[in-house]
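Thanks for coming. I have one model to go through, and I will keep to what can be computed from it.

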Amino acid sequence: MMLSGRTQLAAVIGQPVRHSLSPEIHNAGFSARGLDWAFLAFDVPPESAIAAVDAMRGLGIRGMSVTMPHKFAVVPALDELTPAAKALGAVNCITNRDGFLVGDNTDGGGFLDGLAHDAGFVAAGQRCVVFGAGGAARAVIHALGAAGAVDIAVVNRSADHATEAASLAGPVGRVVPASASLADELSTFDLVVNATAVGMAGGPAPEALPCPVEVLSADQVLVDLVYEPGETPWLSAARKRGIQSYNGLSMLVCQAARAFTSWTGESAPIEAMEQAARAGLAGR
Ligand code: NAP
């Protein structure tokens, strides 16, 4: 890639940001589309989040990905929020339209795109159970509700978080306590999602399972939002039972793809971006 006076800049802000795969994913996308764009990662402390967003106007930075801990803090610096960002109160993608900054949350849409890409799964009319009620779970629950899922059960360690997350689905959202009756009900869902940190490398319970797999069957679709490791103990156990199981890599790539299109106006080269994400993970 040859940088020039015409090169357009996009970036990610976070802290820590060194682990982010966004530079690999987006630079591969720019290159695959032949765009004179570059993507950098900026390690930004919490007190500088607003200044970093204001720099988009000052420097003409065309797009910004926002990762933790800044997803909530950047909101007041923006001119407009998309419906998803407004509902979630959290932004992971900012597009600079001639100095007018639009905040979006592409995680939920990226999740749906990834499900369609991996499994041909369409959420409308489906019954879903989501384990977790953190940022990722909230985006998934909101997106499933907006896409017309008819039942969204939320299971989470902290009941108050579950109640708040389930409300994002509208009338189809409900909280289900982790109990024996849940085990009976699990086989009735079309989609089973782990959106907790359970199973994540370096996470709180890398060997634990969000739920038992013995009650699940081959006609269900199971997604673990964790992508590192690529196969969690839960995914591995489900695959052994012949259940269609996918990790969170497609969500990661597809949320970036939505940002790519918002910034550049071009369709995202998904395969090149996915390949870059895989290579980035393999190189760790
Ligand atoms: P978060 O906001 O910190 O939420 C963490 C969630 O995990 C909460 O529901 C929390 O429950 C639950 N949890 C934490 N430790 C637990 C334990 N020991 N037992 C049971 N539940 C536990 O994190 P997040 O950003 O939503 O991320 C959640 C997962 O999604 C992570 O594994 C992350 O890697 C993955 N993720 C993937 C993508 C992707 O693009 N594929 C994007 C974002 C996140 P409480 O409410 O009780 O604390």
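First, the ground rules. This is a predicted model, so local features need pLDDT of at least 70 and side-chain atom pairs count only at pLDDT 80 or more, while totals for chains, interfaces and linings use all residues. Residues are numbered from 1 along each chain as its sequence is written, and side-chain values use heavy atoms, with hydrogens and water left out.

Helices (H or I, at least four residues) and strands (E, at least two) are DSSP runs, numbered from the N terminus. Two strands count as paired if DSSP finds at least two bridges between them.

Now the sheet. Six strands form an open sheet with parallel pairing, in the order E9-E8-E7-E10-E11-E12. At its edges stand strand E9, residues 173–175, and strand E12, residues 244–246; each has a single partner strand, so one side of each is left without a neighbour in the sheet. On average, neighbouring strands of this sheet are turned by 20° against each other, direction ignored. For the angles, axes are lines fitted to C-alpha atoms, for helices over the stretch in contact, and the values run from 0 to 180 degrees between N-to-C directions.

Opposite Leu191 stands Val221 in E11.

Which strands does helix H5 touch? Helix H5, residues 135–146, packs on the sheet against strand E7 (127–131), strand E8 (151–155) and E10, and its direction makes about 170° with that of E7. Helix H6, residues 159–167, also packs on the sheet, touching E8 and E9, with its direction at about 170° to that of E9. Contact here means heavy atoms within 4.5 Å.

Next, the charged side chains. A salt bridge is a side-chain nitrogen of Lys or Arg within 4 Å of a carboxyl oxygen of Asp or Glu. By this rule the count comes to 12 salt bridges. I will show one network, which links Arg127, Asp151, Arg174 and Glu185.

Arg127 and Asp151 form a salt bridge in which the closest N and O atoms are 2.8 Å apart. Arg127 lies in strand E7 and Asp151 in strand E8, so the pair ties together parts that are 24 residues apart in sequence. Asp151 also meets Arg174 in a salt bridge, at 2.8 Å from N to O. Arg174 is in strand E9, so this second pair ties together parts 23 residues apart in sequence. Arg127 has a further salt bridge with Glu185, at 3.4 Å from N to O. That pair links distant parts of the chain, with Glu185 in helix H7 (residues 180–185) and Arg127 in strand E7, 58 residues apart.

Arg127 is partly exposed at 24%, and Arg174 is partly exposed at 29%. The cut-offs are under 20% relative accessible area for buried, over 50% for exposed, and partly exposed in between, with a 1.4 Å probe and protein chains only.

On to helix H1, residues 22–32. Its buried residues include Ser22, Pro23, Ile25, His26, Gly29 and Phe30. They cover an arc of only 165° around the axis, which puts them on the same side of H1; the arc is that of the directions from the helix axis to the C-beta atoms. Their cover includes strand E1 (8–14), strand E2 (37–43), strand E3 (63–66), helix H9 (249–264) and helix H10 (270–282). After H1 comes Gly34, with a positive phi near 65°.

Ser20 sits in the loop between E1 and H1. Ser20 is buried, at 13% relative accessible area. Setting aside neighbours within four places in sequence, Ser20 is in contact with Val12 and Arg284.

Last, the cysteines. How many disulfides does a search of the whole structure find? The search finds zero, a disulfide being a pair of cysteine sulfur atoms within 2.5 Å. For Cys93, the closest cysteine sulfur is in Cys254, 14 Å away and too far for a bond. For Cys128, the closest is in Cys211, at 14 Å, again too far for a bond. Cys93 is buried at 1% relative accessible area, and Cys128 is buried at 0%.
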